[in-house]
Amino acid sequence: MAMTAFAGAPTQAEPAPRRQSKIALVLLLPGILYLVLFFIVPLVSLVITSLEAPAPDGSGTFQYAFNWQNYVDSVGTYSTQIFRSFLYALLATVFALLFSYPLAYFIGVKVRKWPLLQSFMLILVIAPFFISFLLRTLAWKTILADEGPIVTSLKALSLLGPQTHITGTPVAVVFGLTYNFIPFMCLPLYTTLERLDIRYLEASSDLYGTPASTFWRVTIPLSLPGIVSGTLLTFIPAAGDYVNASQEFLGGASSSMIGNVIQSNFLVQLNYPAAAALSIVLMLVILIIVGSYVRRAGTDDLL
Amino acid sequence: MRSLPEDPMIRQLVQQIRASQVTRRTMLGGAAASAAALALAACAPIGGAKKLQPAKDISATDKTMTWANWALYLDQNDQKQYPTLLAFEKETGIQVKYDIAVDDNNSYYAKVKDQLALGQDIGADTVCLTDWMVSRWINLGYTQKLDHAKIPNLSNLAPRLQNPDFDPGRNYSVPWQSGFAGLCWNKEKLPKGIKQVSDLWDPALKGRIGVLSEMRDTIGLIMLEQGVDISSKSWGDKEFNAAIAEFKKQVDSGQIRNIKGNSYADDLKNEDTLAAIVWSGDVEGINADIGSDKFGFVIPETGGTLWSDNYLIPIGSKKKTNAETLINYYYEPEVAATVAAYVNYITPVEGAQEAMKKIDPSLVDDQLIFPNADTFSQVKLFRTLTNAENTRYNSAFEAVGLGA
């Protein structure tokens, strides 16, 4: 899909037969209309909004003006939150990968011989989706609460100071992001590892490869498509997530992310230009990061 | 192009279809043009020049209406029905849809503002919002003028609420309930109690304090403690910034754990917060939920804030008379007392205290429902802000909450 857009070397496609069928265009119409209506129009509207200035009558409404200052102001005020969002998203992606890889490997390779067990374990990975993630995040808020089982046990073991807490801290937010995105990481990894041909691993050990070098040189490269799609499916939504970091859930004032800033500007401060400008900045930064990541991972022929 | 089929009917059909097909260029052109048009329509400056006209009233033929309100703000029985509302429906034949649609003044406004600006129906024939938000709606012409002849019980309105600066004579808004913002604390964990705002900044309570996301209440309480009379027009940026500085200090140091709306109740219950700035009526609700008298409420010694939520009739409502009939009904003292006994907020209806004697004598002297002059002297109304002040102060308050 979008991956091809980022692909590095232009692929030498077969020159397509030039005879364009008009029927094909008609068949494309619903898709194009959909994209225009639900992607292009909102995007144009967002760009226009981001350049608006307050109406001079002081009524709190906005009117069109080519006001670049919105970008400068909002990025200047909220640069910490922008940086923090990408840091948290990166941490959550790394942790999700560290947790998901062994899990996906186990399900996709180790229990291959028992298909029933394999399906059962897959269901366990997907099962959380049957409950709204808002509810699950709220449940974590209760579990991690100050008088909850985890904090009290940690305090009893002196692993946590008497005045410290977990909810409302960056730890809780990164934890929540990791928890919520593990299935998105696990499933693409599973699909690539499930197809992993064991004979490659056997060949590697026949050639005196240690388990570690077999893993690094054979298993990881073969599962790279899964790693790339898993990290993208985790990183992109995590960077824009505003639920985990919201104060209603796991976050606090010191851990708010760019999503929370956009929400506040849009719904509370009613500063639509700032919210739109920040949304566009978020979108562009993600596009740049993801674009260079995919290009560097060189997965154009793997996906 | 393929040769046409033999059958004359199909032949004609195919030719017709070919003729009506659009070329790629016209299609893309059309798509781009409609995209631009839609985008422009979406953000065209709306309202302003033209004065909005109220929708035509069809109450005489359509005996239904929708009332948008906040959670836990109307008497409810065990079957989740609203007894006073049922009685109203029986008495008048008007079917009311009670819609718990308001979670927060700002978010509700964000949801309906586009329809309002076009004078369209927002899916509510009356909605209860807080003073400052009501003031904005009235200024923008988003409300319908009330016909006092249809609300005779308005004569029961408490004199102190008859002439607010945003609506003298109550032509556009009518109070629903009032309440205080004050301090709540966990009696088990803090047996010594909390008496003033500065008690919240006790280092022993670091990270266990919650405040309201309603700027006027949280900053109002801090300003009162700093000796500012929040109801007077004499204060400005200097006083506000001093309070914001104190607020920021407490947030940045981690003293304040949460800045929230109604959901602060969860934090108090699970003891993430041990003391908080809260709304008066909610504390009774929390205690009822957990079935014990665990939480106390006090108006700080330096003063609390007083606010009111008010009915208003949105400009696009077609059921104005039905809504006025409803407002009139809730201004009957017995009805007002029944509601007050449940919601624990200050009723604006004179005579409700008398009526309460029959409903629940223990509540007749409850200071949270029927405050006496002494209690009223402890609280202040937050003065009406200009639009510019409102934007500036709100942004400053929000920025602290976002850690910026």
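These notebook entries record what I looked up in this structure, a predicted model.

**Conventions**

I note that local features need pLDDT of at least 70 in this predicted model, that side-chain atom pairs count only at pLDDT 80 or more, and that totals for chains, interfaces and linings use all residues. Residues are numbered from 1 along each chain as its sequence is written, chains are lettered from A and ligands numbered from 1 in the order in which they are written, and side-chain values use heavy atoms, with hydrogens and water left out.

**Entry 1: the two chains**

I began with chain A, which has 13 helices and two strands. Helices (H or I, at least four residues) and strands (E, at least two) are DSSP runs, numbered from the N terminus. The C-alpha trace of chain A spans about 80 × 75 × 35 Å along its principal axes. Of the 303 residues in chain A, 42% are buried; buried means under 20% relative accessible area, exposed over 50%, and partly exposed in between, with a 1.4 Å probe and protein chains only. Among contacts in chain A with a separation of 6 or more, 67% join residues 24 or more positions apart, a contact being heavy atoms within 4.5 Å.

I then turned to chain B, where I found 14 helices and 10 strands. Buried residues are 53% of the 404 in chain B. For chain B, residues 24 or more positions apart account for 75% of the contacts with a separation of 6 or more.

**Entry 2: annotated spans of chain A**

I consulted UniProt, whose unreviewed entry gives "transmembrane region" for residues 23–48, 86–108, 120–139, 171–193, 214–236 and 274–294 of chain A. UniProt positions are given in the numbering used here, feature names are shortened, and annotations may be inferred rather than shown by experiment. I looked at two of these spans in the model. Residues 214–236 of chain A are 96% helix and 0% strand, with end C-alpha atoms 31 Å apart. Residues 274–294 of chain A are 100% helix and 0% strand, and their end C-alpha atoms lie 30 Å apart.

The unreviewed UniProt entry also lists "domain: ABC transmembrane type-1" for residues 82–293 of chain A. I found that span to be 74% helix and 0% strand, with its end C-alpha atoms 19 Å apart.

Two packed helices are described by the angle between their axes and the distance between the axes. Axes are lines fitted to C-alpha atoms, for helices over the stretch in contact, and angles run from 0 to 180 degrees between N-to-C directions.

I found helix H2 (residues 22–50) of chain A packed on helix H13 (residues 272–297) of chain A at about 125 degrees, with the axes 7 Å apart. H2(A) and H13(A) are therefore oblique to each other; angles under 35 degrees count as roughly parallel, over 145 as roughly antiparallel, 65 to 115 as roughly perpendicular and the rest as oblique. On the H2(A) side, the residues that meet H13(A) include A:Leu43, A:Leu46 and A:Val47. By class, the contact of H2(A) with H13(A) has nine nonpolar, three polar and no charged residues. Here Ala, Val, Leu, Ile, Met, Phe, Trp, Tyr, Cys and Pro count as nonpolar, Asp, Glu, Lys and Arg as charged, and the others, Gly among them, as polar.

H3(A) also packs on H13(A), at about 75 degrees and with axes 9 Å apart. H3(A) and H13(A) are therefore roughly perpendicular to each other. From H3(A), I listed A:Asn70, A:Tyr71, A:Ser74 and A:Val75 in this contact. Its residues divide into eight nonpolar, two polar and no charged.

**Entry 3: two residues of chain A**

I located A:Tyr78 in the loop between helix H3 (69–77) and helix H4 (79–110) of chain A. A:Tyr78 is buried, at a relative accessible area of 5%. Beyond four places in sequence, A:Tyr78 is in contact with residues of chain A including A:Val261 and A:Leu278, and with B:Ala399, B:Leu402 and B:Ala404. A:Ile262 is 184 residues from A:Tyr78 along the chain, and their C-alpha atoms are separated by 10.0 Å.

I placed A:Met185 in helix H8 (residues 170–194) of chain A. A:Met185 counts as buried at 0% relative accessibility. Leaving out residues up to four places away in sequence, A:Met185 touches A:Thr93, A:Ala96, A:Leu97, A:Ser100, A:Gly230, A:Thr231 and A:Thr234.
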